[in-house]
Amino acid sequence: MDAPRTVAAGRTASPTTARLINDRLALQLLQSEGALTAGQLKTLTGLSRPTVADLVERLQEAGLIAVVGESGAQRRGPNARLYGIVADRAHLVGLDLRTHSVTVAVADLLGEVRAERTVPIGPDDTPDAAVAAALAGLDKALAAAGAPHPHTIAVGAPGLVDPATGRLGGTDWVPSWHVALVGELRARRAVPVLLENEVNLAAIAEQRDGAARDHDTFVLLWLGHGTGAAVVLDGTLRRGASGGTGEIGFLPVPGTAALPSASGCDGGFHSLAGSAAICALAAQHGLPAEAGAGSTSLDAPAPDTDAPPAEAVVRAAVAAGDAGAAFLDALAARIALGVAAVCAVLDPGCVVLGGEIGSGGGEELAGRVAGHLARLSPLRTDVRAGALGGRAVLRGAVLAARDSAQNELFPPAG
């Protein structure tokens with residue numbers, strides 16, 4: 001028999017708690033490693049063969065794992081059985097709310113996307129019409145995934161999400177249909193609906209699947225239509241007292257014509273690094289500042305109709321080589337002002353340039369920002385291009401929904 005597991009100093013796990021610990025450990029391994037045999041679970045967990053046999057039986061009876069194959073063509077019998085998580089045990093929904101669109105992804109319990117829909121929202125649509133269109137898109141995505149009853153819904157939206165109430169607040173600049181949609185989701189679906197700031201979700205995605213996988217402490221600087229930041233310290237996402245951690249668009253910086261105010265960030269960092277400001281900077285350098293070019297991400301199932309115009313401008317400048325160098329350097333100097341301020345306060349060691357523009361600028365833009373930052377700050381900081389671009393918000397929503405569902409289905413012990 002295995003020795004009782006210690007769960008805290010001076011405390012010994014009860015048999016029930018030990019079983020929960022062992023079960024969750026096995027499920028985490030099956031999630032990260034894929035299908036495993038009982039023998040492989042024994043090796044990876046360090047548990048005894050009888051204990052592994054018991055937990056496999058418990059998890060099968062709970063409908064969480066099942067036999068998915070055998071470990072080799074020449075092997076047969078119980079020892080060859082491969083066990084995997086039953087991905088269809090629960091379906092998850094992630095939503096990315098933009099000004100003129102909503103994108104819905106339906107995923108399984110492992111976070112694999114089964115269906116995705118993007119619904120455009122017209123500038124003249126009423127809030128009721130926008131909500132109706134978004135809900136119809138959600139229903140179509142659920143039907144395409146064969147998932148009429150989602151387990152958990154996670155929504156990424158711009159604005160402040162009050163940590164105490166889970167509601168959007170301080171959002172005079174956010175479309176009213178965002179608030180209405182979240183309210184309808186909570187009223188119509190008898191499932192948990194998680195609401196999170198969009199940039200915070202992007203940081204989760206970049207840490208799990210993107211550019212910050214090797215960092216527990218980093219800052220994601222979002223560069224899209226507007227600017228924002230997400231702060232992760234020692235593996236924990238920091239939201240602030242009112243949910244406003246990372247509202248870097250309001251940061252007063254040199255080079256702006258005015259100061260920001262409580263009702264708008266036009267005089268702050270946003271006025272230097274938002275999409276419209278970047279397009280204007282490109283025009284000053286004689287580069288075409290064309291609007292309407294959508295995301296060029298190869299991972300996107302359809303063009304991003306709500307992508308910032310500056311994404312195409314920055315990508316074109318990178319592709320232009322020497323012809324775009326002066327513009328990229330001027331843009332990097334602007335971005336470095338915001339990064340330097342963040343580093344002076346937090347010293348994160350790593351800053352990821354996220355969003356469509358950060359991804360579009362790639363290592364070319366990130367390297368230039370790092371050069372300017374080295375002249376502004378004595379703190380050693382790794383500046384990286386985001387790997388997921390604008391799709392990081394949707395991926396982060398799926399991951400947040402997966403975490404919530406797994407915490408319920410795979411309850412932590414202690």
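Which residue in β7 does V104 stand opposite? The first close-up answers that, and the others move on through the model.

**A note before the views.** This is a predicted model, in which local features need pLDDT of at least 70 and side-chain atom pairs count only at pLDDT 80 or more, while totals for chains, interfaces and linings use all residues. Residues are numbered from 1 along each chain as its sequence is written, and side-chain values use heavy atoms, with hydrogens and water left out.

View 1. V104 stands opposite R117 in β7. Strand β6 (residues 101-108) and β7 run antiparallel and are joined by 7 bridges. Here strands (E, at least two residues) and helices (H or I, at least four residues) are DSSP runs, numbered from the N terminus, and two strands pair if DSSP finds at least two bridges between them. The open sheet has 5 strands in the order β7-β6-β5-β8-β11, with mixed pairing. Its edge strands are β7 (113-120) and β11 (193-197), each of which pairs on one side only. Direction ignored, neighbouring strands of this sheet are turned by 15 degrees against each other on average.

View 2. Helix α5 (residues 176-188) lies across β5 (91-97), β6, β8 (152-157) and β11, and runs at about 165 degrees to β5. Helix α6 (residues 198-209) also packs on the sheet, where it touches β5, β8 and β11. The direction of α6 makes about 95 degrees with that of β11. For these angles, axes are lines fitted to C-alpha atoms, for helices over the stretch in contact, and angles run from 0 to 180 degrees between N-to-C directions. Contact means heavy atoms within 4.5 Å.

**View 3. Helix α1 crosses helix α3.** The axes of α1 (residues 15-33) and α3 (residues 49-61) come within 10 Å and cross at roughly 75 degrees. That makes α1 roughly perpendicular to α3 (angles under 35 degrees count as roughly parallel, over 145 as roughly antiparallel, 65 to 115 as roughly perpendicular and the rest as oblique). R19, N22, D23, A26 and L27 in α1 meet T51, L55, R58 and L59 in α3. The residues of this contact divide into 4 nonpolar, 2 polar and 3 charged (Ala, Val, Leu, Ile, Met, Phe, Trp, Tyr, Cys and Pro count as nonpolar, Asp, Glu, Lys and Arg as charged, and the others, Gly among them, as polar).

**View 4. D23 sits in helix α1.** The place of D23 is in α1, and with 11% relative accessibility this residue counts as buried. Buried means under 20% relative accessible area, exposed over 50%, and partly exposed in between (1.4 Å probe, protein chains only). Leaving aside residues up to four places away in sequence, D23 touches L55, R58 and L59.

View 5. Strand β12 (residues 218-223) pairs with β13 (residues 227-233) in the antiparallel sense over 6 bridges, and the two form a hairpin with 3 residues between them. In this pair, L220 stands opposite A230 and L223 stands opposite T227. β13 also pairs with β14 in the antiparallel sense, over 3 bridges, and L233 has T236 in β14 as its bridge partner. The hairpin of β13 and β14 has 2 residues between the strands, and D234 in the turn has a positive phi of about 50 degrees. β13 is mostly covered, with 6 of its 7 residues buried.

**View 6. N79 lies in the loop between β3 and β4**. Strand β3 (residues 65-70) is joined to β4 by 5 bridges, and the two run antiparallel. E70 stands opposite R81 in β4. Strand β4 (residues 81-85) is mostly covered, with 4 of its 5 residues buried, whereas N79 is exposed, with a relative accessible area of 55%. N79 and A38 are 41 residues apart in sequence and 6.7 Å apart in space, C-alpha to C-alpha.
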